[in-house]
Amino acid sequence: MAGDVWASVLSLIGVALGGGLTALAQRATQRSAERAEERRQVVAKAESRRAEQLQALKDFIASAAEAERAAYRRPEPWGDDEDGWMTQTQSVMTALWTTSGNVMLLCDETLHEPVRVYGHALNQAVWRDIGDTEVNEHLETGKAAFMAAARNSLAPS
């Protein structure tokens, strides 16, 4: 009878040990799956954020190009709203300042100053606060600084 008791006790210990190991394995698998899901969500959020930043930069570049075109189209001599240029240009400049604000909001702080400087240079070019300097000469430094900062901000870290 003592042998039967030992066999039952050992069998019970085996079942308990097997159940415990199974529970530990399931727990480890669950934790691993949770960590993998968290990593996936972090990557997805980073990709989404980068896409937002890229779109903000594209929108700013498009607005800047439109402002540059407006600077070249400005009628001489300056006077009335000839052919609706001033009306059209006011909406172009509003779009420029809106998109620059989006860049400031969504993108890295290293872009803030280049966006501000380039936007200010565009504003000066459009309203001809640049004296005898050619538009492209006036914009060259600010535009190059902005593009370099934008490229650096989008580079993988």
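Colleague: What makes the pairing of Arg73 with Glu66 a salt bridge?

Modeller: Their closest N and O atoms are 4.0 Å apart, and a salt bridge needs a side-chain nitrogen of Lys or Arg within 4 Å of a carboxyl oxygen of Asp or Glu, so this pair counts. Do keep in mind that this is a predicted model: local features need pLDDT of at least 70, side-chain atom pairs count only at pLDDT 80 or more, and totals for chains, interfaces and linings use all residues. Residues are numbered from 1 along each chain as its sequence is written, and side-chain values use heavy atoms, leaving out hydrogens and water.

Colleague: Why is Arg73 called partly exposed?

Modeller: Its relative accessible area is 40%, and partly exposed lies between buried (under 20%) and exposed (over 50%), using a 1.4 Å probe and protein chains only. Glu66, at 28% relative accessibility, therefore counts as partly exposed too.

Colleague: What makes Glu37 and Arg40 a salt bridge?

Modeller: Their side chains meet at 2.7 Å, N to O. Both residues lie in helix 1, three residues apart, about one turn of the helix.

Colleague: How many salt bridges turn up in the whole structure?

Modeller: The search finds six. One of them joins Arg116 and Glu113, also at 2.7 Å, N to O.

Colleague: Which residue marks the bend in helix 4?

Modeller: Thr141, where helix 4 bends by about 35°, the angle between axes fitted to the seven residues ending there and the seven starting there. Among the buried residues of helix 4 are Leu139, Gly142 and Phe146, and what covers the buried residues includes helix 1 and helix 3.

Definitions and conventions: Helix = DSSP H or I, 4+ residues; strand = E, 2+ residues; numbered from the N terminus. Contact = heavy atoms within 4.5 Å.
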